[in-house]
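Grab a pencil and work through a few exercises on the structure shown here. Try each task before you read its solution.

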Amino acid sequence: MADKVFLNCSAKERAFRDGGTKLNVSVKADELVRFAQQHANERGYVNLTISKRREVGKYGDTHSVTLDTWVPRPRAGAATGEEPPF
């Protein structure tokens, strides 16, 4: 498994009295643009995963944001433009 690629940001969950929550994510615009340009997939998307941290961070962060590098494997017999190996 590849090492995780973290987005340098602050992600904090806020809970409300009615039981609802929201997740606030703050990131510098120039860092976000650079990250997106560096990690965009072949279709131009940047897939991110937001995960709850085991412990609250030094600055109150409750979540972390990482690059989702999962790529589906082609199914056997799927139209890939190549002949299946027999």
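**Exercise 1: the surroundings of T62**

Not counting residues up to four places away in sequence, T62 touches A11, K12, E13, L23, S51, K52, R53 and V56, where a contact means heavy atoms within 4.5 Å. Before going on, note that this is a predicted model, where local features need pLDDT of at least 70, side-chain atom pairs count only at pLDDT 80 or more, and totals for chains, interfaces and linings use all residues. Residues are numbered from 1 along each chain as its sequence is written, and side-chain values use heavy atoms, with hydrogens and water left out.

Task: Find where T62 sits, and decide whether T62 is buried or exposed.

Solution. 
- Step 1: Look in the loop between β3 and β4 (63-67), and you'll find T62 there. Helices (H or I, at least four residues) and strands (E, at least two) are DSSP runs, numbered from the N terminus.
- Step 2: T62 counts as buried because its relative accessibility is 16%. The cut-offs are under 20% relative accessible area for buried, over 50% for exposed and partly exposed in between (1.4 Å probe, protein chains only).

**Exercise 2: a salt bridge**

Task: Take K52, one of the contacts of T62, and work out which side chain meets K52 in a salt bridge.

Solution. 
- Step 1: Leaving out residues up to four places away in sequence, K52 touches E13, T62 and H63.
- Step 2: E13 is the partner, with the two side chains meeting at 3.0 Å, N to O.
- Step 3: Now check accessibility: K52 is exposed at 59%, while E13 is partly exposed at 33%.
- Step 4: Count the salt bridges in the structure, and you get 1.

**Exercise 3: A11 and the core**

Task: Follow A11, and say which residues make up the largest nonpolar core.

Solution. 
- Step 1: A11 touches L23, N24, V25, D61, T62, H63 and V65, again not counting residues up to four places away in sequence.
- Step 2: The largest nonpolar core has 6 residues, namely L7, C9, A11, F35, V65 and L67. Such a core is a set of buried Ala, Val, Leu, Ile, Met, Phe, Trp, Tyr and Cys residues joined through side-chain atoms within 4.5 Å.
- Step 3: For background, nonpolar side chains in soluble globular proteins tend to be buried together.

**Exercise 4: zoom out**

Solution. 
- Step 1: Count 1 helix and 4 strands.
- Step 2: Of the 86 residues in the chain, 14% are buried.

Definitions and conventions
A salt bridge is a side-chain nitrogen of Lys or Arg within 4 Å of a carboxyl oxygen of Asp or Glu.
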